[in-house]
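Please examine the sequence and the model together while reading.

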Amino acid sequence: MLSRLHHTLFSFHSQFFPIPQKSRKCHCARFFIRFKTTPQISVKPSPVTVVFDFSTMKLLGNVDFLKSQTAIKFAAFVFISIAFFYLGKHWSDGSRQLIFFSRQSPSDTTPSSPSIVISPNLNKDFNISALINTPESKPAGSVREKSVPPPPPEIKTYGIVDENGTMSDDFEIGEFDPDLVENWGNGTEIEADTEKEDVRFTFRVKKFGLCGENMREFIPCLDNVKAMKRLKSTERGERFERHCPETGKGLNCLVPSPKGYRPPIPWPRSRDEVWFNNVPHTRLVDDKGGQNWISKKGKDKFKFPGGGTQFIRGADQYLDQISKMVTEITFGHHIRVVLDVGCGVASFGAYLLPRNVITMSIAPKDVHENQIQFALERGVPAMVAAFATRRLLYPSQAFDLIHCSRCRINWTRDDGILLLEVNRMLRAGGYFAWAAQPVYKHEEALEEQWEVMLNLTTRLCWNLVKKERYIAIWQKPFNNSCYLSREAGTNPPLCDPDDDPDNVWYVDLKACISRLPENGYGANVAPWPARLQTPPDRLQSIRIDSYIARKELFKAESKYWNEIVASYVRVLHWKKFKLRNILDMRAGFGGFAAALIDNQLDAWVLNVVPVSGSNTLPVIYDRGLIGVMHDWCEPFDTYPRTYDLLHAAGLFSIERKRCSMSMIMLEMDRILRPGGRVYIRDSLDVMDELQDIAKAMGWHPSLRDTSEDRLMYLLHTVISK
């Protein structure tokens, strides 16, 4: 409206008092209008003075002039000016005020001198922006102070990749509080507020309390006494298998550490000694000390001389003997992945590691129940597992060599059903090494056992390559030709063609020979270390939805994790963490574990393939890595405090559809070492709840947004326990 008023006044001036073109610039009247509102002050309307000074006006002193057309126009101009004046006065009621200024135009005879009428608004501050931005006027008496909104919070970008896609080393990592474990309490609620798309979510998670001291070594699915009492039979080792708690009756507390627990001795020193207080059990010392398994060193350590029941003089000498017996057994070349059955404290696997061989050491939780716990405390790959009535949780053709040294297993019972399970897991052309009394003792009963074993292995088409001293070594055939050429009715028969030898989750043992693929898949793996990055043949048989070539998908995953792990090493200084035992909870093709090897981290990874996804375990083993099938809606078969690092990529966004995320997190807390770390990469919508659960467990979460994918917000949660 002000602009229209100014335009109208100027138009009338130009129409009624034309100015010559040459002097128009110097005769123009100039109008300056300033207005401002002050929200804190109520300003009453004040008279507005308008000063016009036109040097070209003539005196209106004669009647002819009054009758002229010019006079009529002038009168109309004055009338309209007065009307606009009162309209402007009425419009200015309230907080807005008009101030008019005029300066006398200079002429040839009159010097230029400014002329101004002092307004009542003198010495007052006016906010012109408030007037422009306010759509409607308010009465002066109703003006209230409007609170200024606070400035938006500073945008912080976390992660190894910034918003521009470049690497960043600006990180904050949760710190380890050594007193935290002793200060946990009960009954506290943790509340987390999240605002997302104008919707506010509030999570309330009660702080988890400590379990009783009798649960310090609790394995939920292997210590379920109630379920074991309901077993109809235990003669085939059923009590050593998984018997998980019923839904809703699982672990709901934090498993405490033993008193005096200390951070584990770092590898490779841990191969030879561990802290006594971390595994405070001496039964193995009493039972196996004479066989060089384990001994007590002072008051605070256990010592591992490296011996075993069949290799008292040490594992190194024993391994050399095996290599000399069969020259094709080249450790670290064609023999990369080994299964040690009835492993004791895993000295066999521990001494294979320097030879570039990774060994899955397994034993049941029997009278020597802490043997796997000792193995893991030493930093050697190990799991609690038993040959009983179900398939072990490893794929077909997984191991290049399977070893049993006085493993206390009757391989010939039930027409060799346990040895058939060994046959299923043994790679085509792989070796089975058996060191036991029937091999070398000449007692009648033991000789009879040897004959039964020899007959069974012959029907399995195994070739006895060498028998020397107390070791016998067989080799599995490379294809099915021997099986098909046996006499009709020979037992055990071949399994049905529709039997899946890689289906292992809660699957009973089958008294049949697992068929080898006709295309030779699984038999033709590259030697180590080339096999780590060579796409294996069995990649083509994995049931996955892939719109691109599977080999390209395999290579892309390897490159992806290699870049991420390289940044972890460079930016987060992983090599300073002294990581040793690592669990990848959703391993895919094993790219994360392969990247650790490529980046020369002195650690091993147990790759877990969840039952909720595609079974990629055959590919993982063909790469020369180890892994296991598992359902994360159930507890894991390992002792508490056994892993330094848990890695979960995309796990929770999938498993939360099937089970409680807090249940999975509690299981992670159970198997994580005090001071250990958890790296979770997942979608943004699960991170808020995971952070809340982590705080309720006493962890220190730190969230990092990597902003690497439009479809899924990838974040890092670095948690110190």
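How many nonpolar, polar and charged residues does the lining of the largest cavity have? By class, this lining has 12 nonpolar, no polar and five charged residues. Here Ala, Val, Leu, Ile, Met, Phe, Trp, Tyr, Cys and Pro count as nonpolar, Asp, Glu, Lys and Arg as charged, and the others, Gly among them, as polar.

The model is predicted: local features need pLDDT of at least 70 and side-chain atom pairs count only at pLDDT 80 or more, whereas totals for chains, interfaces and linings use all residues. Residues are numbered from 1 along each chain as its sequence is written, and side-chain values use heavy atoms, with hydrogens and water left out.

**Cavities**

The structure holds six cavities of 30 Å³ or more. The largest has a volume of about 260 Å³. It is lined by 17 residues, of which Arg242, Ala386, Arg391, Leu393 and Asp637 are the closest to its centre. A cavity is a set of points, on a 1 Å grid over the protein atoms alone, where a 1.4 Å probe fits but cannot get out; lining residues have an atom within 4 Å of a point. Grid points are joined across faces, edges and corners, and the volume is the space filled by probe spheres set on the points.

**Buried elements**

Helix α10 (residues 371-378) is largely enclosed by the rest of the structure, because eight of its eight residues are buried. Buried means under 20% relative accessible area, exposed over 50%, and partly exposed in between (1.4 Å probe, protein chains only). Helices (H or I, at least four residues) and strands (E, at least two) are DSSP runs, numbered from the N terminus. Among the buried residues of α10 are Gln373, Phe374, Glu377 and Arg378. Just after α10, glycine 379 takes a positive phi of about 90 degrees.

Leucine 690 belongs to helix α20 (residues 684-696) and counts as buried because its relative accessibility is 2%.

**Charged residues**

In total, 30 salt bridges are present, a salt bridge being a side-chain nitrogen of Lys or Arg within 4 Å of a carboxyl oxygen of Asp or Glu. Three of these pairs are tabulated below.

| Salt bridge | Closest N to O distance |
|---|---|
| Lysine 365 and aspartate 223 | 2.6 Å |
| Lysine 249 and glutamate 246 | 3.5 Å |

Lysine 365 and aspartate 223 form a salt bridge. This pair links distant parts of the chain, 142 residues apart: lysine 365 is in the loop between β10 (358-363) and α10, and aspartate 223 is in the loop between β5 (199-206) and α6 (225-229). Lysine 365 counts as buried at 15% relative accessibility, whereas aspartate 223 is partly exposed at 24%.

Glutamate 213 is exposed at 53%, and arginine 216 is buried at 15%.

Aspartate 502 lies in the loop between α14 (481-484) and α15 (550-571). Aspartate 502 is buried yet has no salt bridge, and arginine 538, the nearest side chain of opposite charge, is 4.4 Å away. For charge, Lys and Arg count as positive and Asp and Glu as negative; His and the chain ends are not counted. The side chain of aspartate 502 does join that of serine 396 in a polar contact of 2.6 Å. Such a contact is a pair of N or O atoms within 3.5 Å; within protein, one must be able to donate a hydrogen and the other to accept it, and residues adjacent in sequence count only if both atoms are side-chain atoms.

How values were computed: On a 1 Å grid over the protein atoms alone, a cavity is a set of points where a 1.4 Å probe fits but cannot get out, and a pocket is an open set with protein on both sides within 12 Å along at least five of seven lines; lining residues have an atom within 4 Å of a point.
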